[in-house]
Amino acid sequence: MFLGIDAGTSSIKVLVLDDAHRVVASADTPLELQRPHPLWSEQHPEDWWTALTLAMQRLRDQGVDTRAIQAVGYSGQMHGAVLLDAAGGVLRPAILWNDGRSGAACEALMRQPSFLAASGNLAMPGFTAPKLMWLREQEPDVFARVATVLLPKDWLRWRMSGERVSDMSDASGTLWLDIARRAWSDDLLQMSGLRREQMPRLVEGNAVAGQLTPKAAQELGLTAGIPLAGGAGDNAASAVGVGASRVGEGFVSLGTSGVIFCISAAHQPNPAQGLHAFAHALPGLWHGMSVMLSAASAIDWAQRTLGFASVAALFAAVEALSPAQQDESPLFLPYLSGERTPHNNPHASAVWMGLRHGQSNAQMAYAVVEGVSFGLMDGASAMGATFDAARELALTGGGSRSAFWATLLASGLDRPLFLPEHGDVGAALGAARLAWMALGATPQEACAAPGAADSARRFAPQAALRERLLPRHQRHQRLYRALREEFVPAAD
Ligand SMILES: Nc1ncnc2c1ncn2[C@@H]1O[C@H](COP(=O)(O)OP(=O)(O)O)[C@@H](O)[C@H]1O
Ligand SMILES: O=C(CO)[C@@H](O)[C@H](O)COP(=O)(O)O
C-alpha cells in the first residue's frame, strides 16, 4: 500500500492506494488560517502535524492497516515559508501563499536588472523570496536565526525523516530556483540575502527523499524505515492525480486557490499577465499555470458571510435560482486576497456591484460562484496558446464536488471538463502515486492507473448558458478596469 499526504490550505488529507493501486481509503482534518493583520495569512507547522496524526487515526478507524504502507508521497500548498533555526526549531508561524504583506519586497526584486531573466516569473507576494525579504526588514532578529527555509510539505517530511529535501515543482515557487536547469540559483538566493546552505537538497518528485524515523513511525502508526518520496507542490501533484502526464494535458483546480495548469516540454516563461512557469514534479517536464488567489475560499467566505449552513447548502440555493434570477444577480469581483493571474495586483479587493432591493442572498452567492468562474476564464485567456493545446481538461479540488459549478465553468471556458474518479482529492492521489513511482512505477503506469479518466464524469459547455454568461463576463472585466485605480495598498 502507498500513502499520499496532502498538506492543503483548508485541511490535511491522507489517501491510501492498495497493491492494485486503487484508492481504498482517505481521511482529512480541517485546518484554520490565522490572519492577525489584514494582509497576513499564517498557519503553525505544529498544527499541520497534529492534523496529520488525527487524519492517520481516522484511516485506522476505517480499518486500514497503516503498518502495511510501503512508501509515503507528499503534496502541499506551495510557496509557504517555514523557518527553522539551527536546532530545527520553528522560528515563527509559516507565512502562506495567500499572504499579501510583501508587496514592497516584490517591487524591490523586480527592480533588480537580472531578476526576471533569472526567475522567469514575476515577483508576487505569495512567493517565498519576497517573504524572506519582508522578514529581513521587519523581523531582523528572526531572519538572523534562519538556518533552513522549508516549504510546507517539506517540513512534514523533515518531521518524519530529519531530512531537509524539496522537489523541483515546489522549489520553483520560491523564486530561488533556476527552473530550466532544475538547480538552486546562487544569484536569485543572493537577491534575498540568503545562501545555498539554507536551502534543502533537491530531488525529482518521484525520487526517494528519505526514510521514516522510528519516532515518527510510532506517532503516525506507520512502519519505521519506509521510503519517503520527493512529492510535489499541490498543483503538480494534482496533475499526477488526475492522470495528466503528457505535454498539453492539464486541469482546472477549484481548491482554496483556482488554478489552470498545462504540462509543457520546456521551461516557457510568459510572465506578462502573471502566469507561472515552473518545473513539473516528473523529470524532464515543466508546466504553465494561471493562479487565482481566492476560488473555493471565496465560496467559503460567502457561505459564512451570507449565513448558509454549509457550502453544499449555498450551492443548493444557487442551483434553485431561475436563469432570469441569475441574470439579475449582482456582479462580484473575487479579489479577497488581491490577485495574481492575470492582474498581478496585490491591492485588488472584492466588490459586489449592482445590489438592489429584492435580491436574495442566493443571488449574492451566485455572483460569487460566477465571479470566481470569470476569474478562471481570465486566467485561461492569459494562458493563450499553451492552454489551447489541451482540448479537454480534468477538474480537481474540493469545488469539483458541485456539478452546477462544473457546468458553469465548462460553459464559460467553452471547453469540456471531466471529473476523474477521486478528482476532489486529486493532489492526495498524486502524492500516493509519487510514492508508488519512488518504488519503481513509471510515470505513464502510475498516471494511467485505475481512477484516472476512464471512469470520468463529463461536463459539456452549454451554448445557451455561455450566451448568458459572456455579456456579464464583459461587464465584469470592465468593472475591474474601472476600479483598478481605486485599489490602494491596505495597511499590513
Ligand atoms: N459540496 C461542495 N461543493 C462545492 N465545493 C465544495 C463542497 N464541499 C467543499 N467544497 C469546497 O472545497 C474547498 C476545499 O477544497 P480543497 O481542494 O480541499 O482545498 P485545499 O487543497 O486548498 O485545502 C472548500 O473551500 C469548499 O469551498
Ligand atoms: O499559490 C498557489 C500556486 O501557485 C496555490 O495553488 C497554493 O499551492 C495553494 O493551493 P490550494 O490549497 O488551493 O490547493
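A nonpolar core is a set of buried Ala, Val, Leu, Ile, Met, Phe, Trp, Tyr and Cys residues joined through C-beta atoms within 7 Å. Keep in mind that this is a predicted model. With that idea in hand, we can look at the core, and then at the loops.

**The nonpolar core**
- The largest nonpolar core has 154 residues, and Ala432, Leu434 and Ala435 are the members that touch the most others.
- Helix α14, covering residues 361-388, gives the most to this core, with 13 residues.
- Which residues does Ala432 touch, leaving aside those up to four places away in sequence? Ala432 touches Phe2, Leu3, Gly4, Leu15, Val16, Leu17 and Gly73.

**Positive phi angles**
- His79 is not a glycine, yet its phi is positive, at about 70°.
- You can find His79 in the loop between β5 (71-76) and β6 (82-84).
- Is His79 buried or exposed? His79 counts as buried because 27 other C-beta atoms lie within 10 Å, and the cut-off for buried is 20 or more.
- Leu175 also has a positive phi, of about 75°, although it is not a glycine.
- Look for Leu175 in the loop between α7 (168-172) and β10 (177-178).
- Leu175 has 29 other C-beta atoms within 10 Å, so this residue is buried.

**A cis peptide bond**
- The peptide bond that runs from Thr341 to Pro342 is cis, and its omega is near 0°.
- Pro342 sits in the loop between β20 (331-333) and β21 (351-353).

Conventions. Residues are numbered from 1 along each chain as its sequence is written. Chains are lettered from A and ligands numbered from 1 in the order in which they are written. This is a predicted model: local features need pLDDT of at least 70, side-chain atom pairs count only at pLDDT 80 or more; totals for chains, interfaces and linings use all residues. Helices (H or I, at least four residues) and strands (E, at least two) are DSSP runs, numbered from the N terminus. A residue is buried if 20 or more other C-beta atoms lie within 10 Å of its own, exposed if 12 or fewer, and partly exposed in between; C-beta atoms are placed from the backbone. Two residues are in contact if their C-beta atoms, placed from the backbone, lie within 7 Å.
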